[in-house]
Amino acid sequence: MSKKDNVKKIKSYIDDILGTKSSLKEKLPSKKSLKKELFCTMLRDLQFVNSRTMGMKHDYKINMMDYDDPFYTAIECLIKLHYTQEQQNVINWWLYDKFLPTGEVLILTNKDTEEIIPSDTPEDVWDLIQEHAEKNTK
């Protein structure tokens with residue numbers, strides 16, 4: 001019997017005992033992985049909303065910026081409360097400058113080694129700001 005079959009069998013036992021449908025996870029996420037997941041979701045959603053706002057302005061000549069501005073201001077304040085200026089700079093660069101309207105994508109490079117620093121995904125940004133956090137605590 002495979003692991004998947006065993007999990008289904010255990011789930012059915014739990015459902016029978018509780019008298020309701022249940023779900024099983026392999027393990028609870030750690031606090032750090034939960035923070036990473038929330039951060040990445042936030043970045044993806046902000047990128048989507050920003051793209052939508054710009055698309056509405058460009059494609060339909062509807063300016064949603066005045067409507068969206070208080071939301072961005074609130075989110076920026078929360079980011080300022082939680083992250084250092086250096087981390088904020090990385091977040092803002094990724095959100096507003098990395099992806100150009102022309103479709104071009106800017107890259108980060110290490111000034112000393114000229115190596116490309118991964119920065120294409122929210123997970124990459126998370127890793128970068130964690131590196132900055134570790135540098136500041138040393």
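Predicted model: local features only at pLDDT ≥ 70, side-chain atom pairs only at ≥ 80, totals over all residues.
Which residues make a nonpolar surface patch of about 240 Å²? I looked that up before anything else. Val7, Ile10 and Leu24 make the patch. Patch members here have over 30% relative accessible area and no salt bridge, with like charges joined within 9 Å and nonpolar side chains (Val, Leu, Ile, Met, Phe, Trp, Tyr) within 5 Å. The areas come from the Shrake-Rupley method with a 1.4 Å probe, and for residues, only the protein chains shown count as cover.

Residues are numbered from 1 along each chain as its sequence is written, and side-chain values use heavy atoms, with hydrogens and water left out.

I placed Val7 in helix H1; helices are DSSP runs of H or I with at least four residues, strands are E runs of at least two, and both are numbered from the N terminus. Val7 comes out partly exposed at 38% relative accessibility. My cut-offs: buried is under 20% relative accessible area, exposed is over 50%, partly exposed is in between (1.4 Å probe, protein chains only).

I take a salt bridge as a side-chain nitrogen of Lys or Arg within 4 Å of a carboxyl oxygen of Asp or Glu. Both residues sit in H1, four residues apart, about one turn of the helix. Lys11 is partly exposed at 25%, whereas Asp15 is buried at 15%.

Then I checked Ser22, in the loop between H1 (3-18) and H2. Is Ser22 buried or exposed? Ser22 is buried, with 18% relative accessible area. Its side chain makes a 2.5 Å polar contact with the side chain of Asp15. That term covers N or O pairs within 3.5 Å; within protein, one atom must be able to donate a hydrogen and the other to accept it, and residues adjacent in sequence count only if both atoms are side-chain atoms. Beyond its neighbours within four places in sequence, Ser22 is in contact (heavy atoms within 4.5 Å) with Lys11, Ile14 and Asp15.

**Entry: the core**

I went to the largest nonpolar core next, which has 16 residues. Such a core is a set of buried Ala, Val, Leu, Ile, Met, Phe, Trp, Tyr and Cys residues joined through side-chain atoms within 4.5 Å. Phe39, Leu43, Tyr83, Ile91, Val125 and Ile129 have the most contacts inside it. Helices H2 (31-60), H3 (65-82), H4 (85-96) and H5 (122-137) each give two or more residues to this core. H4 supplies the largest share, five residues. In soluble globular proteins, nonpolar side chains tend to be buried together.

I picked Tyr83 to trace its partners. Leaving aside neighbours within four places in sequence, Tyr83 is in contact with Phe39, Gln88, Ile91, Trp126 and Ile129.

**Entry: salt bridges across the chain**

How many salt bridges does a search of the whole structure find? The search finds four. One of them joins the side chains of Lys36 and Asp127, at 4.0 Å from N to O. Lys36 is in helix H2 and Asp127 in helix H5, so this pair ties together parts 91 residues apart in sequence. Lys36 is partly exposed at 28%, and Asp127 is partly exposed at 37%.

Lys98 and Asp120 also meet in a salt bridge, at 3.3 Å from N to O. Lys98 is in the loop between H4 and strand S1 (108-109), Asp120 in the loop between strand S2 (116-117) and H5, 22 residues apart. Lys98 is buried at 0% relative accessibility, while Asp120 is partly exposed at 49%. Not counting residues up to four places away in sequence, Asp120 touches Trp94, Lys98, Phe99 and Val105. I also took the C-alpha separation of Asp120 and Glu76: 21 Å, for residues 44 apart along the chain.

**Entry: positive phi**

Most residues other than glycine have a negative phi. I noted Lys61, not a glycine, with a positive phi of about 60°. Lys61 is in the loop between H2 and H3 and is exposed at 68%. Glu114, also not a glycine, has a positive phi of about 60°. Glu114 is in the loop between S1 and S2 and is exposed at 65%.
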